[in-house]
Amino acid sequence: MDLQLRGKVALVTAASKGLGKATVRQFARENAKIAICARSELIAKTAAEIESATGTEVLSLRADVTSQEDIK
């Protein structure tokens with residue numbers, strides 16, 4: 001599938017598992033530049049898994065986007 005994401009930047013929240021993780025994996029396959037965040041401590045592990053599987057670098061941040069402190 002070609003979503004024409006090569007060189008585009010994708011920020012995916014709630015990305016440590018489920019639909020968020022699947023979305024990130026597909027964006028990585030499409031060669032997008034990826035930044036992910038989630039409240040879960042699994043976020044770093046998720047980034048490493050996707051990098052290993054796709055060869056795409058993934059920036060991961062542990063953050064709660066409903067928290068003013070976390071999004072500053």
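**A note on Thr 56 and the sheet around it**

1. Let's start with Thr 56, which lies in the loop between H2 and E3; helices (H or I, at least four residues) and strands (E, at least two) are DSSP runs, numbered from the N terminus. This is a predicted model, in which local features need pLDDT of at least 70 and side-chain atom pairs count only at pLDDT 80 or more, while totals for chains, interfaces and linings use all residues. Residues are numbered from 1 along each chain as its sequence is written, and side-chain values use heavy atoms, leaving out hydrogens and water.

2. Is Thr 56 buried or exposed? Thr 56 counts as buried because its relative accessibility is 10%, where buried means under 20% relative accessible area, exposed over 50%, and partly exposed in between (1.4 Å probe, protein chains only).

3. Not counting residues up to four places away in sequence, Ile 34 touches Thr 56 and others, including Val 24, Phe 27 and Val 58. Ile 34 is also among the residues with the most contacts inside the largest nonpolar core, which has 14 residues; such a core is a set of buried Ala, Val, Leu, Ile, Met, Phe, Trp, Tyr and Cys residues joined through side-chain atoms within 4.5 Å.

4. Now to strand E2 (residues 33-38), where 5 of the 6 residues are buried. E2 pairs in the parallel sense with E1 (residues 9-13) over 5 bridges, and with E3 (residues 58-62) in the parallel sense over 5 bridges; two strands pair if DSSP finds at least two bridges between them. Ala 35 in E2 stands opposite Leu 11 and has Leu 59 as its bridge partner in E3.

5. The open sheet of 3 strands has the order E1-E2-E3, with parallel pairing. E1 and E3 are the edge strands, each pairing on one side only.

6. Finally, the connections. E2, helix H2 (residues 43-54) and E3 make a right-handed β-α-β unit: with the strands pointing away from the viewer, the path from the first strand over the helix to the second runs clockwise.

Technical notes: Contact = heavy atoms within 4.5 Å.
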